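Hi everyone, thanks for coming. Let me put the sequence and the structure up, and then we can walk through the contacts together.

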2 protein chains.
Amino acid sequence: MKKIYFTPGPSELFFTVNDHIKNALKEQIPSISHRSGEFKKIVANTKKYISELLNLPEGYHIAFLSSATEIWERIIQNTVEEKSLHIVNGAFSSRFYEIASSLGKSAIKLESNEGSCHLLTDEMIENDVELIAFTHNETSTGAMHPMEDVYEFKSRNKDVLIALDVVSSVPCVEIDYSKVDCAYFSVQKSFGLPAGLGVWIYNERVLEKADKLKSKGLKTGSYHTISSLHKKILEDQTPETPNMLNIYLLGKVAEDMLQIGLPKIRRDINYKSAVLYQALENHSSLKPFVSDEKFRSKTVIVAETGEKNSADILKILNQSHLVVGSGYGKRKQSQIRIANFAAHSNEQIEMLADRLSQLN
Amino acid sequence: MKKIYFTPGPSELFFTVNDHIKNALKEQIPSISHRSGEFKKIVANTKKYISELLNLPEGYHIAFLSSATEIWERIIQNTVEEKSLHIVNGAFSSRFYEIASSLGKSAIKLESNEGSCHLLTDEMIENDVELIAFTHNETSTGAMHPMEDVYEFKSRNKDVLIALDVVSSVPCVEIDYSKVDCAYFSVQKSFGLPAGLGVWIYNERVLEKADKLKSKGLKTGSYHTISSLHKKILEDQTPETPNMLNIYLLGKVAEDMLQIGLPKIRRDINYKSAVLYQALENHSSLKPFVSDEKFRSKTVIVAETGEKNSADILKILNQSHLVVGSGYGKRKQSQIRIANFAAHSNEQIEMLADRLSQLN
């Protein structure tokens with residue numbers, strides 16, 4: 001019997017993916033040349049549907065890389081001469097900070113309690129900070145940054161570059177991309193695809209900053225500098241032979257999501273997260289980790305397991321073929337993490353919530 | 001009707017790949033966690049079968065990256081302080097040289113005529129060259145470096161690091177990996193897989209060199225330094241969420257190739273390349289580009305099209321559902337390139353040779 005994966009990525013495949021893979025094999029997509037007109041059309045389609053789905057403003061571009069982790073490296077190499085500021089509230093925002101440090105930058109981190117968010121203040125851009133990096137939805141803790149805070153900050157501080165991690169929230173939560181300079185995600189979360197592709201959305205200011213660094217003689221990388229990526233993507237190409245199958249699948253799934261309609265997908269996300277939080281609020285032993293409701297993620301719901309060990313809960317759920325994630329890092333045994341992505345139907349989430357409620 | 005792809009990568013899928021993908025979907029491989037025991041077993045299997053297939057010596061390791069292009073960047077970052085030497089005889093060996101230059105190294109190139117190979121001489125390691133990079137099989141021209149030349153060179157010059165590009169020859173041509181320090185390939189060539197995975201084989205000397213660079217304060221990268229990759233792969237893991245499906249498929253195809261037996265696969269490669277070269281030698285208008293037989297590739301056969309434009313030949317072959325590659329770069333119109341990989345059966349190559357012979 002098939003399992004239902006509520007793990008926070010890799011997760012359940014979007015329900016059309018199996019058929020798209022079978023079609024891709026039938027059409028021999030993995031065999032066509034990455035320099036062919038046929039593949040350029042695939043890249044163009046994926047760009048088009050992603051731009052449409054995310055409602056990207058004029059002057060925003062899309063590049064395909066191998067993972068969000070790679071994009072962390074490329075953002076730092078291409079936009080930071082000396083100083084980046086990282087708003088850290090969990091393992092993934094912290095990892096971006098570590099990558100900036102390992103690349104030799106004066107990376108600064110502002111840490112808030114895990115399970116909470118650090119709102120942006122104008123003081124953050126003192127001391128020549130060039131880039132503020134923060135995570136919309138911290139997958140390790142289930143805390144979601146309220147975007148209004150960012151929009152207001154950006155309206156007051158137009159000059160500082162903002163890099164936004166939307167790995168586990170896109171496209172389930174609406175983002176006004178005109179208020180950030182770049183954003184990025186990988187596809188094995190809410191797009192419900194196999195892992196192995198990262199998507200970097202960037203505007204002209206990112207390109208200009210990279211040019212400025214290069215003109216100063218700084219090394220911004222080799223085949224995956226933003227200018228190499230940009231030059232190629234304008235021709236619907238990539239510098240290297242990319243994960244072509246995933247680029248194809250991402251376009252297909254984005255097209256499917258447009259057909260279904262994002263308003264419906266987002267309504268369902270809201271409904272399903274309400275069902276899950278209610279089950280946790282009413283539970284005798286589990287409770288939501290993020291106590292402040294305004295910081296609660298809609299897509300990664302994290303519960304403290306109280307006196308229970310998460311491994312026991314995972315085991316019981318597994319008997320019903322339901323797979324949720326354990327806590328992250330030091331909270332592996334004391335928390336569970338539940339993904340609420342577009343791939344998860346209302347019925348599946350209701351079933352999981354029921355099953356959780358039966359646990360005592 | 002299905003086409004047969006003789007393009008030099010992406011190319012025809014290995015004949016078991018479709019079934020392995022279907023099984024992967026059935027077993028929900030794309031949904032399992034990249035940190036789970038289940039996925040560690042997959043990584044361990046792939047390492048095991050690749051090591052066995054390539055007969056890797058003790059002390060040689062395997063890391064998974066996103067492309068051979070990425071591996072070019074990582075080799076330079078991790079093993080070269082100042083000076084690398086690139087034996088260039090075509091577009092791909094040249095691209096590695098360009099990547100080294102763009103990363104700020106004093107990269108030197110020794111160019112030979114395209115369609116030929118530059119044999120190694122002891123003078124090459126004068127002037128503190130730290131790494132010699134060369135391409136076993138230059139996919140753009142169809143020239144294959146005779147490995148005996150390398151083995152002899154290495155026996156006289158043990159200290160210099162050697163990086164070997166086996167992108168379009170592995171595993172069809174035998175290599176004694178103990179005579180090089182690292183080698184690398186992508187999987188969309190002779191392994192007959194969808195694109196999006198690069199494999200880096202490296203020994204302890206590569207790790208030691210990277211450590212030496214780091215101890216001097218040099219930046220060797222972030223998440224994909226060789227030490228990060230190595231630390232993770234010892235635990236059957238990768239630093240980021242990788243192309244898990246491709247790692248799974250690579251292990252399955254390596255296992256299949258072991259079942260069939262590499263001696264048989266290599267016998268067939270020899271037979272099929274002989275069939276193709278004979279068809280070209282006897283042809284009224286086509287002729288092999290690589291004139292010196294000792295440099296002729298067994299896996300990428302390149303023909304000059306004489307007075308014909310390659311586009312016309314591709315069109316005619318297409319009518320029989322046979323797809324070959326055009327020439328590379330400036331030779332796009334004056335050459336065709338034919339892949340002879342493990343995925344191509346003797347019958348398919350015979351049919352192609354017949355069809356070519358009928359062209360006048």
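Across the interface of chain A and chain B, 11 residue pairs are in polar contact, both partners having pLDDT 80 or more. I mention pLDDT because this is a predicted model, so please keep that in mind throughout. On the chain A side, three helices each supply at least two of the residues that touch chain B: α1 (17-26), α3 (68-79) and α4 (91-102). The largest share comes from α3(A), with five residues. By class, that side of chain A has 21 polar, 15 nonpolar and 10 charged residues.

Now for the extent of the interface. In terms of contacts, 46 residues of chain A meet 45 residues of chain B. The area buried between the two chains is about 3,800 Å², and carbon and sulfur atoms give 56% of that. Which residues of chain A lose the most area to chain B? They are A:L25, A:Q28 and A:Y223, which together make up 15% of what the chain A side buries.

Let's turn to charges. Over all chains, the search finds 32 salt bridges in the whole structure, and two is the count between chain A and chain B. One that I'd like you to look at pairs B:R74 with A:E73, with the closest N and O atoms 3.0 Å apart. B:R74 lies in helix α3 (residues 68-79) of chain B and A:E73 in helix α3 of chain A, so this pair joins two chains. Are these residues buried or exposed? B:R74 is buried, at a relative accessible area of 0%, and A:E73 is buried as well, with a value of 0%.

Next, a pair within chain A. A:E114 forms a salt bridge with A:R331, and here the closest N and O atoms are 2.4 Å apart. A:E114 sits in the loop between β4 (106-111) and β5 (131-135), while A:R331 sits in the loop between β14 (325-326) and β15 (335-339), so the bridge ties together parts of chain A that are 217 residues apart in sequence. A:E114 counts as partly exposed, at 31% relative accessibility, whereas A:R331 is buried, at 18%.

For a local example, look at A:K264 and A:D268, a salt bridge with its closest N and O atoms 2.8 Å apart. The two are four residues apart in helix α9 (residues 262-281) of chain A, so about one helical turn separates them. A:K264 is partly exposed at 37% relative accessibility, and A:D268 counts as buried at 18%.

Finally, the nonpolar cores. In soluble globular proteins, nonpolar side chains tend to be buried together. Here the largest nonpolar core has 194 residues. Those with the most contacts inside that core are A:Y177, A:F191 and A:W200, along with B:Y177, B:F191 and B:W200. Take B:Y177: leaving aside neighbours within four places in sequence, B:Y177 is in contact with B:L54, B:L56, B:P57, B:Y60, B:V166, B:V170, B:A183 and B:I201. Another core lies apart from the largest one and has 22 residues, among them B:I4, B:L276, B:L286 and B:L322.

Terms used. Residues numbered from 1 in each chain as written. Chains lettered and ligands numbered in written order. Predicted model: local features only at pLDDT ≥ 70, side-chain atom pairs only at ≥ 80, totals over all residues. Heavy atoms only, no water. Contact = heavy atoms within 4.5 Å. Buried area = accessible area lost by both parts, 1.4 Å probe. Salt bridge = Lys/Arg side-chain N within 4 Å of Asp/Glu carboxyl O. Polar contact = N/O pair within 3.5 Å; in protein donor to acceptor, adjacent residues only side chain to side chain. Nonpolar A, V, L, I, M, F, W, Y, C, P; charged D, E, K, R; others polar. Core = buried A, V, L, I, M, F, W, Y, C linked by side-chain atoms within 4.5 Å. Buried < 20%, exposed > 50% of the residue type's maximum accessible area, 1.4 Å probe, protein only.
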